[in-house]
Amino acid sequence: MTLEFQSMKANFIHNILGRRVIMLAFSTALLLYVVIRAYILSFTHDESLTFTIIEGHYTYLNTANNHILNTDLMSLSESLFGKSEIALRLPNILSFIFFLIGSFSMFKSAKNNWFVLLGASLVLLNPFVTEFFSLARGYGLALGFMLISIFYLVRNSFTYHSYSSLLKDFVLSASFASLAVYSNLSMINFLISVIIIFVVKFGLFRKEHEGH
């Protein structure tokens, strides 16, 4: 029995280490792709309009082109690292790390490595999503914050053993969802959905524990 237990433990450790190696290699390759793309691409039209805002020309300040958090972070990055394309796109490159963390956090509890790889591939290898992180726009920031918010939304499903753990998940999920809205106003629908789901969670939690 002891040898069998030790064998199971060794296999478990081997699977965990193997998964971490796969995740690290996968993440590094994707992050490198995002960085290279941010470095070699010329500024797009929308990025240029946002750049005029941080340069003090406020024609587009009150338009949909102004993704507020992105504009603020572009201004900060410019003051620290200069006006190169990659410097202005740095906030979105960094938000890709949030996207990676959120993605793999949701799949880490899965027991099958192939399931993790398949799920991560579906989320991370969509070029229409990944390429936003190479641009100085609010879309990449919003997606990064959204995925972290989703992780806190689903990590305990509808099963909670204490009010504090439910409240903690709500605060974290709603906070990251709010940052997503600040990055891109179209995420307001996502924030509303998060609030509605947690209202249901709070209702079910109260119903389950009201007699205890």
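Buried means under 20% relative accessible area, exposed means over 50%, and partly exposed lies in between (1.4 Å probe, protein chains only). The model on screen is predicted, so local features need pLDDT of at least 70 and side-chain atom pairs count only at pLDDT 80 or more, while totals for chains, interfaces and linings use all residues. Residues are numbered from 1 along each chain as its sequence is written, and side-chain values use heavy atoms, with hydrogens and water left out.

Begin by selecting Val 200, which counts as partly exposed because its relative accessibility is 42%, and which lies in helix α9 (residues 188-209); helices here are DSSP runs of H or I with at least four residues, numbered from the N terminus.

Next select helix α3 (residues 68-81), where Leu 69, Asn 70, Thr 71, Met 74, Ser 77 and Glu 78 are buried. After α3 comes Gly 82, whose phi is positive, near 100 degrees.

Now turn to the salt bridges, each a side-chain nitrogen of Lys or Arg within 4 Å of a carboxyl oxygen of Asp or Glu, of which the whole structure holds four. Select Glu 47 and Arg 89, whose side chains meet in one of them at 2.8 Å, N to O; Glu 47 belongs to helix α2 and Arg 89 to helix α4, 42 residues apart. Glu 47 counts as buried at 0% relative accessibility, and Arg 89 counts as buried at 0%.

Finally, select Lys 83 and Glu 55, whose side chains form a salt bridge at 3.2 Å, N to O. Lys 83 lies in the loop between α3 and α4 and Glu 55 in the loop between α2 and α3, so the pair ties together parts 28 residues apart in sequence.

How values were computed
Helix = DSSP H or I, 4+ residues; strand = E, 2+ residues; numbered from the N terminus.
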